Amino acid sequence: WGDTGVFLSREDIGVVLISQVLAELIRHAVEAHSRPIPAVLEIPSKEHPYDPAKDSVLRRARGLFAPEDLR
């Protein structure tokens with residue numbers, strides 16, 4: 001995972017799916033990515049359940065909306 005920016009800098013990739021447990025290992029790169037494309041989506045793995053509190057995209061989305069907007 002030395003060069004984490006290799007997938008994020010390619011223009012021929014639209015979505016990067018990464019298990020949440022691996023995203024935690026490179027959290028600095030995931031958090032630093034701010035471009036809309038490629039989109040970085042964290043998914044659960046078989047061995048580790050999904051934790052919404054750790055999902056950087058979900059945390060960013062929560063900051064865009066007030067709680068009453070989501071009802």
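**Arg27 and Glu42 are both buried.** The model is predicted, and local features are described only where pLDDT is at least 70, side-chain atom pairs only at pLDDT 80 or more, while totals for chains, interfaces and linings take in all residues. Residue numbers start from 1 along each chain as its sequence is written, and side-chain values use heavy atoms, with hydrogens and water left out. "Buried" here means under 20% relative accessible area, "exposed" means over 50%, and "partly exposed" is anything in between, using a 1.4 Å probe and protein chains only. So what holds this pair together? Arg27 and Glu42 form a salt bridge, with their closest N and O atoms 2.7 Å apart. Arg27 sits in helix α3 and Glu42 in strand β2, so the pair links parts of the chain that are 15 residues apart in sequence. A salt bridge, by the rule used here, needs a side-chain nitrogen of Lys or Arg within 4 Å of a carboxyl oxygen of Asp or Glu.

**Shared partners join Glu24, Arg27, Glu31 and Glu42 into one salt-bridge network.** A search of the whole structure turns up three salt bridges. Zoom in on Arg27: its relative accessibility is 15%, so this residue counts as buried. The side chain of Arg27 meets that of Glu24 at 2.7 Å, N to O, and Glu24 is partly exposed, at 35% relative accessible area. Arg27 also pairs with Glu31, this time at 3.8 Å, N to O. Arg27 and Glu31 are about one helical turn apart, because they are four residues from each other in helix α3. Glu31 is partly exposed as well, with a relative accessible area of 34%.

Read from the N terminus on, the elements go α-β-α-α-β-α. Helices (H or I, at least four residues) and strands (E, at least two) are DSSP runs numbered from the N terminus. The chain has 71 residues, and 25% of them are buried. Contact means heavy atoms within 4.5 Å. Of the contacts with a separation of 6 or more, 56% are between residues 24 or more positions apart.

**Eight residues make up the largest nonpolar core.** They are Leu8, Ile13, Val16, Ile18, Ala23, Ile26, Val30 and Val40. A nonpolar core is a set of buried Ala, Val, Leu, Ile, Met, Phe, Trp, Tyr and Cys residues joined through side-chain atoms within 4.5 Å. What does Val40 touch, leaving out residues up to four places away in sequence? The list for Val40 is Leu8, Val16, Ile18, Val30, His33 and Val57.

**Strand β1 holds both Val15 and Ser19.** Is Ser19 buried or exposed? Ser19 is buried, at 16% relative accessible area. Setting aside residues up to four places away in sequence, Ser19 touches Ile43 and Ser45. Val15 counts as partly exposed, given its 48% relative accessibility.

**Val15, Leu17, Leu41, Ile43 and Val57 make a nonpolar surface patch of about 400 Å².** Two elements, β1 (15–19) and β2 (39–43), each give two or more residues to the patch. Patches are built from residues with over 30% relative accessible area and no salt bridge, joining like charges within 9 Å and nonpolar side chains (Val, Leu, Ile, Met, Phe, Trp, Tyr) within 5 Å. The protein chain as a whole exposes about 5,300 Å², and carbon and sulfur atoms supply 62% of that area. Accessible areas come from the Shrake-Rupley method with a 1.4 Å probe, and for residues only the protein chains shown count as cover.

**The peptide bond from Ile37 to Pro38 is cis.** Its omega is near 0 degrees. As a general rule, most peptide bonds are trans. Where does Pro38 lie? Look in the loop between α3 (27–32) and β2. Gly14, from the loop between α1 (5–8) and β1, touches Ile37, Pro38 and Ala39, not counting residues up to four places away in sequence. The C-alpha atoms of Gly14 and Pro36 are separated by 8.9 Å, and these two residues are 22 residues apart along the chain. Gly14 counts as partly exposed, with 37% relative accessibility.
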